[in-house]
Each structure stands twice: as structure tokens, then as C-alpha cells.
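Please walk through the model below, with attention to how its chains are placed and how they meet.

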Amino acid sequence: MEIRQVIGSLVCTHRITGLGHWDLRLLQDTKGKQYVATDPVDARPGDWVFVVSGSAARYAMGNAAILTDLTIGGIIDHWEAHDVAAARPTAALAAKAA
Amino acid sequence: MEIRQVIGSLVCTHRITGLGHWDLRLLQDTKGKQYVATDPVDARPGDWVFVVSGSAARYAMGNAAILTDLTIGGIIDHWEAHDVAAARPTAALAAKAA
Amino acid sequence: MEIRQVIGSLVCTHRITGLGHWDLRLLQDTKGKQYVATDPVDARPGDWVFVVSGSAARYAMGNAAILTDLTIGGIIDHWEAHDVAAARPTAALAAKAA
Amino acid sequence: MEIRQVIGSLVCTHRITGLGHWDLRLLQDTKGKQYVATDPVDARPGDWVFVVSGSAARYAMGNAAILTDLTIGGIIDHWEAHDVAAARPTAALAAKAA
Amino acid sequence: MEIRQVIGSLVCTHRITGLGHWDLRLLQDTKGKQYVATDPVDARPGDWVFVVSGSAARYAMGNAAILTDLTIGGIIDHWEAHDVAAARPTAALAAKAA
């Protein structure tokens, strides 16, 4: 799953029936690339969320007939990140071999 | 789902039968990379659309026997984007920790 | 679906049985990155083609037991591209809001 | 499967029910890009792991009803990497043709 | 399918049961990015291989219960690449229109 920020919604009056009446959230990643997702958790602009992709995105809507490939899986309250040594695997290998 | 712009169509007289007689739309992203999609919503050149990928692309055609991996899901009328603080998650984390 | 150019074939005497006796085409994208695809349309080196990925690639072979994830879907005769205003979505949004 | 490092966890009180009560691990790749994964192997911050994506991620949880698209498949004890000639395929081809 | 080079193996004593006792090969692409794959063809370090991804990766193991998303599909004996004009599709279009 990946981390995105909600920045708004899309208005699409002409669309496939398989999306039902679900709102289409407009998301972006940390580089500003935009994505469109269905949203069963009612996220708001500014929220950081994680998204589920692929076939799991349909099941995550609670209805596999919803024809999405990206669904908001949850709203991030906060990160609990640790300060780890971010060495590349190859560097870690060298270290172990030393 | 991702956002693309319709720029034309492809003519392919020699192709797999699993695509039926569907037109193949030529799309591009904001960096100019091109994609090919099936189109059940009759989008026109210049239209901005969102596309559904993976197995959902087949169902989005209304017929899972259509062997596409990318289908236009709807034509974007307009964006309703908000001006949100686009801090990276790690920056947001630092802010919460402060 | 994505656009690739056929540049040759691969010879792999030791491979999984799930690919049958199908030739493996060597493709490349416009940046020179190479891919391997099964080919039910008999494309030739120099041909521009579009490829179908994921589970659709298996069905596109006319036999879902062929264990490919990339199949040539058709040979491109020509592009019918229009000269559209390629503004980014956010720019288009700004224009609409003005 | 891809290699990631565990750096922490995410707290998401508002999320889809399809994830059950599973912890959400925060991972990053060697370029610092972050991902969210479900974790059936109890990995700890600092651990290097490999992740399984797509529909296999659900089965890897031991319960295909868990709506994830990324699951930690194992904790890497160490790499056994060899010093191979990392020539590009095209270069390898030239070498064979010489 | 994509082209990778085998560079070694991973040792992971703590991993999901769905991978059975299969070895985990360590691969890299031409840019040095590393991947982990299951290997039913017994590839060796230095071998260039092609890999099958997604759900086909499980079937390629000869047992869809093996929870991989990347399987080595075959060992490349050699490339039969042709010297084709690698013009971009848009350039090819311009040429046809001229």
C-alpha cells in the first residue's frame, strides 16, 4: 500500500456505471503526481491516507462490483517512525562480510 | 486510477480477437508518455479522463471477455482541488513530534 | 496498454513448461528499456505494437494456461494523433478557476 | 518480490474493516520512498524484509479476506551475493556476437 | 516479462509458510535495482533470465499455492536483436504524415 494526500475531488458526469455514485477523490504523492481513488472512509482534503490497489481495491469497497483499481484504506493519524540505519542492502552485505 | 489526456486513436488492422471492434484510444500523461486504452465512454481528443487498470479494466468494459488492461473510466468535467499543505509524511511526522 | 517496438527474439532452451513452444519477442520502449512478450499476432522486428499486461495477457494468448504476463495485442498501422493543448491538470484547473 | 526496510508503523484509527486488527508496518526502499504493508512475520524497525504484492499479498496473510496489496514475506538474515559481470543484455549480446 | 540477472540468494529463516522450501534468488536489473524471485529453473549467479510477475508467477511455479509475485521463467541463452530504427511513435507519426 502507498501513502497519498487527499487534495480534492473530481467531477465526472460521464463515467462508467461500475463506479456507482461513489465520489472520486483526487490524491497526490509527495512528488505532486496525482491519482484518483474511491473512498469508503470519507477522507477530507489535507488528510494523509494509505491506498489499496489492484483487485483488493474492489473488495475494499465492500462490494467487488465497484470497478476501481485504487481505494483509500484508511486515514493516517500519525507515523511512528524509528531512526534506523538506512544502508542499502549491498552495503549491509559488505558490512556482514567484513 | 490515473489521469490521462486523450490525444487520438490507433489503427491496428492485425490484432487479437479479444479486443472485439473497440476503438483503441491513444492517451498521454502529463510527461508525454503514451498509453493505449479501450473506451466505453466515447472520449474525444483533448478530453482529460481517468483510467482503470488491471482486471477491473475488463469489467469496466461491461464485458470481462474484452482483453484490455486499461479502460477509460470517465471524462473529467473539472477538478475541485484544495490548497493543502503538501508536506512530506516525514516532515509531517517531525511536525507532530515537535 | 503500452506501446513498444519489436527488436528481436530470445532463445531460452531452459524455461518453464507453462510457456509452451511460443516464441519470446524482445521489445523495447522509447527509452530503450527491454521487455519480453509472447506474440499471437506474428509481429516482426521494427514493428510498433501495443502490449497487454497482467492476467489479460494470458487470456490474450487464447489459452489462459500460457504463463505470460505480457502479450502483444496488435501491430500498430498508424497513429491518428491530434494536436491538443497538453496542459497539466492543475494548470487546466487554474484556467477554469480564472 | 522487492526488498524494503521496516522503519516503523502507522496508526490509523479510521480504516476499512477488511484489514482486521493487523498492524500496518511503514517500510522504505533504498531511495527513501515509503510503503505500507501488513506483517504476518512480526518484523521490527531496522529489519530488511522482502514484500509480496498483488493478490498474493492477501493469500500470504493466511486469509485472503485481508484486503492488503503488500505483505511482508520474510525477514532477510543475510544476502549471498556473487560478484558477477553486470553487463547490459545488449552488451552481453555484442560480446556473444564478437 | 522483464529481463534480470541472477546475482545470488537470500537467506530468510523467518518467512511465510506459503513459500515452502523454495530458494529465493536475488536478481538485479541493468540499473542495479534488486529483486527477489522464486526459481523453478535452477538459475545460477551470472545467468540472465526473464521473470514472470503477478498471478502468473504463482502458476509458473507449477503450484498456485506458492505465494510469490515474481518467478524466473527461463534462462536466456542469447538475444537475437535486430538493428531497427528506434524512432519514437510520435516521430514515426510525423514521418508518415510528411
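## Chain contacts and the rotation axis

Gly54(D) is the residue of chain D that comes closest to the rotation axis, its C-alpha lying at 5.5 Å. The model is predicted, so local features need pLDDT of at least 70 and side-chain atom pairs count only at pLDDT 80 or more, while totals for chains, interfaces and linings use all residues. Residues are numbered from 1 along each chain as its sequence is written, chains are lettered from A and ligands numbered from 1 in the order in which they are written, and side-chain values use heavy atoms, with hydrogens and water left out.

The axis comes from comparing copies. Two copies of a chain are related by a rotation about an axis and a shift along it. Here a rotation of 72° with 0.0 Å of shift along the axis superposes chain D on chain E, with an RMSD of 0.0 Å. The two copies are thus related as by a five-fold rotation axis. The superposition is by least squares on the C-alpha atoms of residues with pLDDT of at least 70 in both copies.

Chain D and chain E use different surfaces, for 18% of the contact residues of chain D recur in chain E. Contact means heavy atoms within 4.5 Å. By that rule, 33 residues of chain D are in contact with 37 residues of chain E. The two chains bury about 2,800 Å² between them, 63% of it on carbon and sulfur atoms; buried area is the accessible area (1.4 Å probe) that two parts lose on being put together, summed over both.

What polar links cross from chain D to chain E? There are 13 residue pairs in polar contact, both residues at pLDDT 80 or more. A polar contact is a pair of N or O atoms within 3.5 Å; within protein, one must be able to donate a hydrogen and the other to accept it, and residues adjacent in sequence count only if both atoms are side-chain atoms. The count of salt bridges is one, a salt bridge being a side-chain nitrogen of Lys or Arg within 4 Å of a carboxyl oxygen of Asp or Glu. Glu2(D) and Lys33(E) form a salt bridge, with the closest N and O atoms 3.1 Å apart.

The side of chain D that touches chain E takes at least two residues from each of strand E1 (2–11), strand E5 (48–53), helix H1 (55–60), strand E6 (70–75), strand E7 (78–81) and helix H2 (89–97). Helices (H or I, at least four residues) and strands (E, at least two) are DSSP runs, numbered from the N terminus. By class, this side has 22 nonpolar, six polar and five charged residues.

Strands also pair between chains, which requires that DSSP finds at least two bridges between them. E6(D) is joined to strand E2 (residues 14–15) of chain E by two bridges, and the strands run antiparallel. Within this pairing, Gly74(D) stands opposite Arg15(E).

Chains B and A can be read in the same terms. Between chain B and chain A, Glu2(B) and Lys33(A) meet in a salt bridge at 3.1 Å, N to O. Strand E1 (residues 2–11) of chain A is joined to E7(B) by four bridges, again running antiparallel. In that pairing Val11(A) stands opposite His78(B).

Terms used
Nonpolar A, V, L, I, M, F, W, Y, C, P; charged D, E, K, R; others polar.
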